[in-house]
Amino acid sequence: MTSPTLDRGSAPATRTLVTLAAGVVVLAGVWAAADVLAPILLAAVIVIICHPVRFPLEARGWPRWAATTAVIVVAYLILAALLAMLVFAGFQFAGLVRDYLPELQESVTDAIAQLATLGIDTDVADAVSNWLEPSRVLALAGDVSGIVIGIATALFFVLAYAIFMAADAARYSTATSVFGAGRAGEIDRASRFSSGVRRYYVVNATFGAIVAIVDGVALWMLGVPAPVVWAILAFVTNFIPNVGFVLGLIPPTIMAFVVGGWPLALAVIALYCVVNVVLQVLVQPKFVSDAVSLSLTLSFVSVVFWTFVVGPLGAILSIPLTLLVRAVLLEGDPRSSWLRWLSGDTVRPDTDTDPAQAGVLAPTDTGPGAGSDDDADDGRETDPDRDEPATTSRQGPDPDVA
């Protein structure tokens, strides 16, 4: 007699708690090592994006080392462009804060007076006034510049990581020919993860470039100072799902309020609502969903979660990190098809069934009454996959008798 191979040593709730506890320990380690892991994760994403560059070159007969060098060059060009945009935007923003600080304070004072005449609670106005003290605003500008310098330092380490990862990626691309079908599942999951990351950033970069150009030109026509800075901000924040639109809207709105008052500030808000909401909120999520198969709720939560765990880069790397966790923990276990479906993935229940449920429902006893009615008609009939001889009723005549 056989029995279903089910884990009966602990209750499901206990196994869930143990899994969650292990996850908390792992995430605590990631949080503690965020300064080291964040550049490594960024380098890995850059190499994944640039890796397809090698395939047409190798198809034309380029040696592997030359194709790897091309991947590294493309990665460096992407990093250099990002670094240049961040440094330019960061220092331009710090300069704007210093140049327009008197006008900003005057505008806030006028706004507080208008709110007081409307009977709005003055405590809120006082809090805003205290926050816009010169020392606080200048400290904010210094913090932004410091963040930019910190990112630039991290990118320096990314440059080194990208070399080694690009060289290893050339070796990993031969995994299918080396292992064949032996590791087909793992190779397929890794390929799907890499393809999803590339599609995600291609979609975001495309929409980000469109939004940045439209916003920059419109802000220039409206007379908002430093439209190039806000265009760069719109492009970068487009890589932050859901909340990036708000982060890219606030600074140009404040600047428009300083130089043009409420009418110009409302015009900027209207512009962003028309352009950014239509493209980033209504159109882009459909393309992103098709590219990575993540639910909108999980996309939003992942931004907050990975920013807390990894740091500022976690907001930009949130979707790839979520895809990595799903590929490692869920896609390799057929019993997790329900969780994959909840995450937004496309799952076929007919093929991704739960083995545990199958073990409970399948007959496991060969005694009387077990099995189907067809099996009851012929108790000697066996499973063709088992190493038992077939019944004599299905064999031909015995040659000795003949």
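Me: Hi! Where is A226 found in this structure?
Reply: A226 is in the loop between α9 (184–222) and α10. Helices here are DSSP runs of H or I with at least four residues, strands are runs of E with at least two, and numbering starts at the N terminus.

Me: Before we go on, what kind of model is this?
Reply: This is a predicted model, where local features need pLDDT of at least 70 and side-chain atom pairs count only at pLDDT 80 or more, while totals for chains, interfaces and linings use all residues. Residues are numbered from 1 along each chain as its sequence is written, and side-chain values use heavy atoms, leaving out hydrogens and water.

Me: Thanks. What is the phi of A226?
Reply: A226 has a positive phi of about 55°, although it is not a glycine. A226 is also partly exposed, with a relative accessible area of 21%. For these words, buried means under 20% relative accessible area, exposed means over 50%, and partly exposed is in between (1.4 Å probe, protein chains only).

Me: And S293, what about its phi?
Reply: The phi of S293 is near 55°, a positive value in a residue other than glycine. S293 lies in the loop between α11 and α12 (296–310), and at 17% relative accessibility S293 counts as buried.

Me: Which helix is V292 in?
Reply: V292 is found in helix α11 (residues 244–292) and is buried, with a relative accessible area of 5%.

Me: How far is V292 from I319 in space?
Reply: The C-alpha atoms of V292 and I319 are 8.4 Å apart, while the two residues are 27 apart in sequence.

Me: Back to α10. How many of its residues are buried?
Reply: Nine of the eleven residues of helix α10 (residues 227–237) are buried, so this helix is largely enclosed by the rest of the structure. The buried ones include W230, I232 and F235.

Me: Speaking of rings, how many aromatic pairs are there?
Reply: A search of the whole structure finds five aromatic pairs. One of them is Y200 with Y201, an edge-to-face pair at 5.0 Å centre to centre with 70° between the planes. Rings of Phe, Tyr and Trp (its six-membered ring) pair if their centres lie within 6.5 Å; planes under 30 degrees apart count as stacked, over 60 as edge-to-face and the rest as tilted.

Me: Are Y200 and Y201 buried or exposed?
Reply: Y200 is buried at 1% relative accessible area, and Y201 is buried at 8%.

Me: Why does the pair of F235 and F239 count as edge-to-face?
Reply: The ring centres of F235 and F239 are 5.4 Å apart and the planes are at 80°, so the pair is edge-to-face. F235 is buried at 18% relative accessible area, and F239 is buried at 11%. Y200, Y201, F235 and F239 form one aromatic cluster.

Me: New topic: how many salt bridges does the structure hold?
Reply: There are four salt bridges in the structure. Each is a side-chain nitrogen of Lys or Arg within 4 Å of a carboxyl oxygen of Asp or Glu. One of them joins E58 and R54, with the closest N and O atoms 3.2 Å apart. E58 and R54 both lie in helix α3 (residues 54–59), four residues apart, about one turn of the helix. E58 is partly exposed at 31%, whereas R54 is buried at 0%.

Me: Which residue does D188 form a salt bridge with?
Reply: D188 pairs with R192, the closest N and O atoms being 2.1 Å apart. These two both lie in helix α9, four residues apart.

Me: What about E331, which side chain does it meet?
Reply: The side chains of E331 and R192 meet in a salt bridge of 2.8 Å, N to O. E331 lies in the loop between α14 (318–330) and α15 (337–342) and R192 in helix α9, so the pair ties together parts that are 139 residues apart in sequence. Salt bridges that share partners join D188, R192, R326 and E331 into one network.

Me: Last one: which residues form the nonpolar patch on the surface?
Reply: I213, V217, W220 and M221 form this patch, with about 500 Å² of accessible area together. Patches are made of residues with over 30% relative accessible area and no salt bridge, joining like charges within 9 Å and nonpolar side chains (Val, Leu, Ile, Met, Phe, Trp, Tyr) within 5 Å. Accessible areas come from the Shrake-Rupley method with a 1.4 Å probe, and for residues only the protein chains shown count as cover. V217 lies in helix α9 and counts as partly exposed at 42% relative accessibility.
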